[in-house]
Amino acid sequence: MVNDDDWSDLAQFHPMPEIDHQRLHSYRSNRLKNELVKADAALCIMFNPISMRYAVNYRNYALFQSHIPTTYLFYPQQGPVVAFGAYEPDPQGFELRHGRPVTYFDGGDVLVAAAEALADDVVNFLSEIGTDNRRVAVEYVTPAITQALERRGLEVIDGVMISEHARVIKSADEIACMRWSIAVAELGISKLKQAIKPGVSELQLWALLNYTSLANNGDWHDGRMLASGPRINPWLQEASPRKLESGDLVGFDTDMVGPMGYFADISRTFHCGPAKPTLRQKQLYRLAVEEITFNMNLVKPGIGLREFQQLAWPVPEEFQANAYTCVAHAVGMCDEYPQIKHIFRMENPYDCQLEAGMVMCIESYIGAQGERDGVKLEQQVLVTDTGYELLTNYPFEPDLLE
């Protein structure tokens, strides 16, 4: 029962990092406005809940917003930020106005007319802020909105380029938020590990991670990525009612949008006793640690994605078919740009250089096709001026490293 919970509030026994929230907001605002300047766009119309959290710390009904967007922002290069249709009784840092229906749920068969009205709102807003710039960035929307804007002589560009590029480099306050989110996730991981025993279901284990995040004012998990026994290979299977058995490996990936909206992306693989780990399980685990360690040591400012891809740990052929979807990816308020693919699958589709202030997740999944076992590991690291700093603290498993 909740009344017996004396462990889930992390602040009871772990000091929260110092975070200047005003400075955090100013930094994020400057990043967004600088991207608007680079793109020569008058404003960005935001629908993505992650973008709105980054822009004005708006977090209401984020999962609902992700598939039925009822709220959107006008975020101008110069001028006041306006939120339309926001569920916010006391808005901080933005003006609140009545919104137009932008989904079939709200607008039904009048969506085209609503798109025309929204386009008029954009034209009127540009006049309000006194700009003759007719270039606007728009995040994911229906074609009707883009068409309506273009009929009014506006040039529409992809708003994802604004919001994603802004989020690439993290401030010290953002890193402090991330450290706290990681600490919350690792508290949940410790409770998950303690609960591992034959007869416990995958869903019961996953619920401990979810409970810990919510108890510390976290938001959600992007998936329920936990699998055991024969379900751990291949990877990317979500938690099920399956009950653990002695000798199982149990792997998971937190994928957690935690406190203050920052992501904790940690993967670990545990062993369920009382049986001892097999030699093959230990071999797989050691190879996963080797891949993670090797690729972490490539992290430094100035290295290009394609160079990193070429230099990455050579995954043995027997594990390539089931290897993880990428070698590494950036992270902030969610999985973010950029990403590095495995060289044996494809040349990286784009290139850029790692920079100090990026946060990267280094991934490994080692499991051969047709076998029962597999191992998933992941570390979250900050790119520094000289290399990297490990942000995740939860240790690897000594009984699987013997």
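**View 1. Arg23 and Asp173 meet in a salt bridge, with N and O 2.6 Å apart.** A salt bridge here is a side-chain nitrogen of Lys or Arg within 4 Å of a carboxyl oxygen of Asp or Glu. Arg23 belongs to helix α1 and Asp173 to helix α8 (residues 172-195), so this pair ties together parts that are 150 residues apart in sequence. Helices (H or I, at least four residues) and strands (E, at least two) are DSSP runs, numbered from the N terminus. Searching the whole structure gives 28 salt bridges.

Before the next view, a word on the model. It is predicted: local features need pLDDT of at least 70, side-chain atom pairs count only at pLDDT 80 or more, and totals for chains, interfaces and linings use all residues. Residues are numbered from 1 along each chain as its sequence is written, and side-chain values use heavy atoms, with hydrogens and water left out.

**View 2. Here domain 1 (21-166) faces domain 2 (172-400).** These bounds come from an automatic or database domain assignment. The C-alpha centres of the two domains are 33 Å apart. At the interface, 13 residues of domain 1 are in contact (heavy atoms within 4.5 Å) with 14 residues of domain 2. About 1300 Å² is buried between the domains, and carbon and sulfur atoms give 60% of that area. Ile50, Arg53 and Arg59 supply 38% of what domain 1 buries against domain 2, more than any other three residues. Buried area is the accessible area (1.4 Å probe) that two parts lose on being put together, summed over both.

**View 3. Arg59 and Asp219 form a salt bridge, their closest N and O atoms being 2.3 Å apart.** Across the interface of domain 1 and domain 2, the rule finds 3 salt bridges. Which elements give two or more residues to the side of domain 1 that touches domain 2? They are α1 (21-39), α2 (49-56), α3 (62-67) and α7 (160-167). Helix α1 gives the most to this side, with 5 residues.

**View 4. Tyr61 and Tyr87 form an aromatic pair, and the structure holds 14 such pairs.** Rings of Phe, Tyr and Trp (its six-membered ring) pair if their centres lie within 6.5 Å; planes under 30 degrees apart count as stacked, over 60 as edge-to-face and the rest as tilted. The centres of these two rings are 5.3 Å apart and their planes stand at 70 degrees, so the pair is edge-to-face. Tyr61 sits in the loop between α2 and α3, while Tyr87 is in the loop between β3 (82-84) and β4 (95-97), 26 residues apart.
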